[in-house]
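Here is a short briefing on one protein model. Please keep the structure in view while reading the points below.

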Amino acid sequence: MKAERLLQVILAPVITEKATFIAESGAKPQIALRVAPDATKPEVKAAVEMLFKVEVDSVSVLNRKGKVKRSGRFVGRRRANRIAYVSLKKGQELDFSEVN
């Protein structure tokens, strides 16, 4: 995989109560990342290993549909997200402040 593509795969970390809970609990640390809509599991794994210099154990991906919202008589929709839950190997730790 090309480095240019891998730099475009990860969009942002997900900062929610659930993401914080899974990052802090358990023997196997996990992180939640918002990824590109067309990103595959191998691309996410390679991108995390390249950017953060950690070893990835597994990747789970889910597609979250955008909620329908309305303001008066106008109906709108929030954007859909693709979320990747990345499990790191034992002894690995991810630090967002030291991204290369």
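A residue counts as buried under 20% relative accessible area, exposed over 50%, and partly exposed in between. By that cut-off Asp38 is exposed, because its relative accessibility is 52%. The model is predicted.

**Overall fold**

- The protein has three helices and six strands.
- Read from the N terminus, the order of elements is α-β-α-β-α-β-β-β-β.
- The C-alpha trace spans about 50 × 35 × 25 Å along its principal axes.
- Of the 100 residues, 31% count as buried.
- Take the contacts between residues at least 6 apart in sequence: 64% of them join residues at least 24 apart.

**Nonpolar cores**

- The largest nonpolar core holds 20 residues. Ile10, Leu33, Val44, Val48, Phe52 and Val86 have the most contacts inside it.
- Helix H1 (3-9), strand E2 (30-35), helix H3 (41-52), strand E3 (56-64) and strand E6 (81-88) each give two or more residues to this core.
- H3 gives the most, with five residues.
- A second, separate core has six residues, including Val14, Ala19, Ile22 and Ala32.

- The protein carries 20 positive and 11 negative charges, and their mean positions are 14 Å apart.
- Side chains of opposite charge can pair when their charged atoms come close.
- The count comes to three salt bridges.
- Arg5 pairs with Asp38, with the closest N and O atoms 3.4 Å apart. Arg5 sits in helix H1 and Asp38 in the loop between E2 and H3, so this bridge ties together parts 33 residues apart in sequence.
- Arg5 also forms a salt bridge with Glu43, at 3.1 Å from N to O. Glu43 belongs to helix H3 and Arg5 to helix H1, so the parts tied together are 38 residues apart in sequence.
- Arg5 is partly exposed, at 23% relative accessible area. Glu43 counts as buried, at 14% relative accessibility.

**The Lys89–Glu55 bridge**

- Lys89 and Glu55 form a salt bridge, their closest N and O atoms being 3.9 Å apart.
- Lys89 lies in the segment after E6 and Glu55 in the loop between H3 and E3, so the pair ties together parts that are 34 residues apart in sequence.
- Lys89 is partly exposed, at 36% relative accessible area. Glu55 is also partly exposed, at 43% relative accessibility.

Note on methods: Residues numbered from 1 in each chain as written. Predicted model: local features only at pLDDT ≥ 70, side-chain atom pairs only at ≥ 80, totals over all residues. Heavy atoms only, no water. Core = buried A, V, L, I, M, F, W, Y, C linked by side-chain atoms within 4.5 Å. Buried < 20%, exposed > 50% of the residue type's maximum accessible area, 1.4 Å probe, protein only. Helix = DSSP H or I, 4+ residues; strand = E, 2+ residues; numbered from the N terminus. Contact = heavy atoms within 4.5 Å. Lys, Arg positive; Asp, Glu negative; His and termini not counted. Charge placed at Lys NZ, Arg CZ, Asp CG, Glu CD. Salt bridge = Lys/Arg side-chain N within 4 Å of Asp/Glu carboxyl O.
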